[in-house]
Amino acid sequence: MIRILQITIVCIFSTAVLSVDTKNSFADNKDLTVGFSQIGAESGWRTAETKSIRSEAKKRGVNLKFSDAQQKQENQIKALGAFIAQNVDAIILAPVVETGWEPILKKAHRRGIPVILVDRGVKVTNDDLYTTLIASDFVAEGRMAGDWLAAKTGGKANIVELQGTPGAAPAIDRKKGFEQAIAKHPGMKITKSQTGEFTRAKGKEVMEAFLKSGGEIDAVYAHNDDMALGAIQAIEEAGKKPGVDILVVSIDGVKPAFESMVEGKLNCTVECNPLLGPAAFDAVEQAVAGKKLPKNTIVQDKLFDQSTAKDVIDSRQY
Ligand code: GYE
């Protein structure tokens with residue numbers, strides 16, 4: 001049965017498509033206790049996701065146990081262990097990397113505690129170990145960014161790449177999608193690529209090193225807006241015009257990215273909606289009620305560039 005909740009979830013086989021445009025489906029869940037293991041606060045996107053989940057828990061009267069892992073998987077595993085020991089009704093997990101989750105997910109599974117994955121996926125031998133994944137299609141995001149850059153440059157560009165956290169699903173898949181897009185254009189190549197760990201500071205530092213190491217740079221592809229904004233600072237400090245001398249393309253769609261596009265510095269960003277609170281708690285409620293959920297719910301994304309930024313900036317929710 002497909003529930004239309006203002007969130008349009010169309011279940012196609014085990015995958016649903018979610019456009020995150022929700023009216024809050026309030027439910028009185030006073031006795032519901034949910035453990036949320038969040039990666040950290042490395043980016044504006046992450047902060048917006050945390051805010052969405054916390055505020056939705058409050059709206060629904062859910063008792064939320066929150067843990068910030070400071071980017072460390074071992075802290076997330078410890079937090080899940082504690083949630084299981086406290087016998088929470090459900091777990092929401094944003095997994096910092098794809099691998100290494102099997103033992104702790106088996107523990108939750110044995111205790112019958114549903115695990116809702118938000119924003120990033122995991123690699124496990126048996127996907128019964130998690131209830132559902134609510135996330136964007138990162139490969140598609142990388143492809144959209146690459147196609148936009150190919151159109152902008154006529155298929156000819158020396159590109160430097162700022163990768164996200166090593167081993168993280170968005171870093172792996174955004175790289176894959178971008179490379180698929182530029183593979184269609186022999187004149188486009190990634191000349192340098194290094195992780196900026198999804199942070200503005202590290203993105204700036206790595207871009208400074210790219211600029212110092214010489215070689216023609218026509219564009220920078222950043223796996224998230226925070227690193228792109230750091231790269232823009234480095235480009236300016238090197239006396240060049242970001243968005244003109246060096247094109248800047250990224251992913252997330254946070255408000256500072258729209259401000260930068262209006263200033264003519266960032267050229268384009270692919271939105272990756274972090275407002276997953278309503279969908280996450282709908283999944284929790286269904287899982288706790290023993291309802292079957294689609295294994296994947298894909299959040300719909302779209303690309304914005306300088307031609308559209310001014311019109312939409314005031315309506316941005318994060
Ligand atoms: O792009 C980045 C955050 O997992 C999709 O993590 C998320 C990514 C997002 O740090 O800003």
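How are α1 and α9 oriented to each other? They are oblique to each other. Angles under 35 degrees count as roughly parallel, over 145 as roughly antiparallel, 65 to 115 as roughly perpendicular and the rest as oblique.

This is a predicted model, in which local features need pLDDT of at least 70, side-chain atom pairs count only at pLDDT 80 or more, and totals for chains, interfaces and linings use all residues. Residues are numbered from 1 along each chain as its sequence is written, and side-chain values use heavy atoms, with hydrogens and water left out.

## Helix pairs

Two packed helices are described by the angle between their axes and the distance between the axes. Helices (H or I, at least four residues) and strands (E, at least two) are DSSP runs, numbered from the N terminus. Axes are lines fitted to C-alpha atoms, for helices over the stretch in contact, and angles run from 0 to 180 degrees between N-to-C directions.

| Helix pair | Angle | Axis distance |
|---|---|---|
| α1 (44-59) and α9 (277-288) | about 50° | 8 Å |
| α4 (138-153) and α5 (169-182) | about 40° | 6 Å |
| α6 and α7 | about 40° | 7 Å |

The crossing of α1 and α9 is right-handed. A crossing is left-handed if the near helix is turned anticlockwise from the far one by less than a right angle, and right-handed if clockwise. Ser52, Ile53, Glu56 and Ala57 of α1 meet Gly277, Pro278 and Phe281 of α9. Contact means heavy atoms within 4.5 Å. By class, this contact of α1 with α9 has four nonpolar, two polar and one charged residues. Ala, Val, Leu, Ile, Met, Phe, Trp, Tyr, Cys and Pro count as nonpolar, Asp, Glu, Lys and Arg as charged, and the others, Gly among them, as polar.

α4 and α5 are oblique to each other. α4 passes α5 in a right-handed crossing. The contact of α4 with α5 has nine nonpolar, four polar and six charged residues.

α6 and α7 are oblique to each other as well. α6 passes α7 in a right-handed crossing. On the α6 side, the contact includes Arg200, Met207 and Leu211; on the α7 side, it includes Asp226, Leu229 and Glu237. This contact of α6 with α7 has seven nonpolar, three polar and five charged residues.

## The six-stranded sheet

Strands of a sheet pair through backbone hydrogen bonds, either parallel or antiparallel. Here six strands form an open sheet in the order β9-β8-β10-β11-β12-β14, with mixed pairing. Two strands pair if DSSP finds at least two bridges between them. β9 (187-195) and β14 (303-305) stand at the edges. Each has a single partner strand, so one side of each is left without a neighbour in the sheet. Neighbouring strands of this sheet are turned by 20° against each other on average, direction ignored.

Within the sheet, β10 (219-222) and β11 (247-252) run parallel and are joined by three bridges. Ala219 stands opposite Leu247 in β11.

Helices pack on this sheet. α4 touches β8 (156-163), β9, β10, β11, β12 (268-271) and β14, and its direction makes about 160° with that of β11. α7 (225-237) touches β8, β10, β11 and β12; its direction also makes about 160° with that of β11.

## Arg174

Buried means under 20% relative accessible area, exposed over 50%, partly exposed in between (1.4 Å probe, protein chains only). Leaving aside neighbours within four places in sequence, Arg174 is in contact with residues including Phe138, Glu141, Tyr221, Asp252 and Cys272. The C-alpha atoms of Arg174 and Ser250 are separated by 10 Å, although these residues are 76 residues apart along the chain.

## Strand β3

Six of the six residues of β3 (33-38) are buried, so this strand is largely enclosed by the rest of the structure. Both faces are covered: Thr33, Gly35 and Ser37 lie on one side, and Val34, Phe36 and Gln38 on the other. β3 pairs with β4 (63-68) in the parallel sense over six bridges. Ser37 stands opposite Ser67 in β4.

## Two loop residues with positive phi

Asn87 has a phi near 55°, a positive value in a residue other than glycine. Asn87 is in the loop between α2 (73-85) and β5 (90-93). Asn87 is partly exposed, with a relative accessible area of 47%.

Glu197 is not a glycine, yet has a positive phi of about 55°. Glu197 is in the loop between β9 and α6 (200-212). Glu197 is partly exposed, with a relative accessible area of 37%.
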